[in-house]
Amino acid sequence: MMWSSIPDQYPLEEEYKKSTGVTPADISSLRQWLLTQPHLPAEHITDLDLILAYHCCERSSEVAKQVLDLNLTLRTLFVNFYKDRLMNDKIEAIHHTALLLPLEIKTRENYSVIYSRLLDYDPKHFVFADCVRTILMVVDLWQYKTGTWPGFVILIDLDRITLGHLARLDLQTIQQFLYFLQEAMLMKVKGLHFLNAPSFMDKLMMMIKPFMKKDLLDVLHIHQIGSKSLEQFVSTAGLPKEAGGKYKTFNECRDDVIAALKANVDYFVAENKKRVVEARRPGKPKTISDIFGGVEGSFKKLEID
């Protein structure tokens, strides 16, 4: 069944049947802890949220508590990505600029895969923060529909990317996105693949590498234009037709994702309530400066020769 056609949240009874080792007793214990945290929105956190946190932290309660707190804290602080999320005309327009597609196929290890690429190649229409905001909406909805995954792999197709697009990347957004991806996403990131790497790939790497930990660098793979090297990780038959696969066309894929977001307005209404009230946090409230050491706002867009 396509993820986008699942009518509601992934059933908990199905989740507990997976070979994750997560039990209802584990989740009940996390729930009890959550009720002792006055700054966290316990009444809006679902058992599935707790399962996702516990599973991605290898069933360590202490780590899961820290990661869940950080996840909710960043959802509150990263307003560019998470404030007032809803499917509106602006978000729909972003899907006409970039394709952000959960694939139906899995990797050889049964990891879930998301594929992203530009659909509109005009750099003037490319706003990186908007693309991040939108891909995070898609991933959240996808997890809500399908539950835990053994791992998560990101494919970024750089076909038709130009230096003009790189010039529109801002380091603050890169830093926040990569920090969230590595430290706070409720999933196990098992691969980051760049497809159709352009001649100036070194310039892109210069921008993103400072924000990547060794664990992510170890699973980073760069595939040259015309290379078949992706095939050893994931069957390229599962990619959209124009990307060399046998799945739907780019436009059909885009329309499926837009339809899924439009059909799940209630999900985002509920998700917008999963935010921290810093004034209630024991100790002192957290700010972006606490997380990034006061460097926010100091980044300027990189000048690329």
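**Rings, charges and pairs**

Modeller: To begin with a charge, the charged end of K18 sits over the ring of Y10, at 4.4 Å from the ring's centre, and please keep in mind that this is a predicted model.

Biologist: And which ring does the charged end of R160 sit over?

Modeller: That is the ring of Y121, whose centre lies 3.8 Å from the charged end of R160.

Biologist: Switching to rings with rings, how many aromatic pairs are there?

Modeller: The count comes to 10 aromatic pairs. One of them joins F126 and F128, a tilted pair with 6.4 Å from centre to centre and 45° between the planes.

Biologist: Are F126 and F128 buried or exposed?

Modeller: Both F126 and F128 are buried.

Biologist: Where in the chain do Y179 and F292 sit?

Modeller: This pair links distant parts of the chain, since Y179 belongs to helix α9 (residues 171–183) while F292 belongs to helix α14 (residues 288–292), 113 residues apart.

Biologist: Why does F292 count as buried?

Modeller: F292 counts as buried because its relative accessibility is 10%, and buried means under 20%. Y179, with a relative accessible area of 23%, is partly exposed.

Terms used
Residues are numbered from 1 along each chain as its sequence is written. This is a predicted model: local features need pLDDT of at least 70, side-chain atom pairs count only at pLDDT 80 or more; totals for chains, interfaces and linings use all residues. Side-chain values use heavy atoms; hydrogens and water are left out. Rings of Phe, Tyr and Trp (its six-membered ring) pair if their centres lie within 6.5 Å; planes under 30 degrees apart count as stacked, over 60 as edge-to-face and the rest as tilted. Buried means under 20% relative accessible area, exposed over 50%, partly exposed in between (1.4 Å probe, protein chains only). Helices (H or I, at least four residues) and strands (E, at least two) are DSSP runs, numbered from the N terminus. A charge sits over a ring if NZ of Lys or CZ of Arg is within 6 Å of the ring centre and within 35 degrees of the ring normal.
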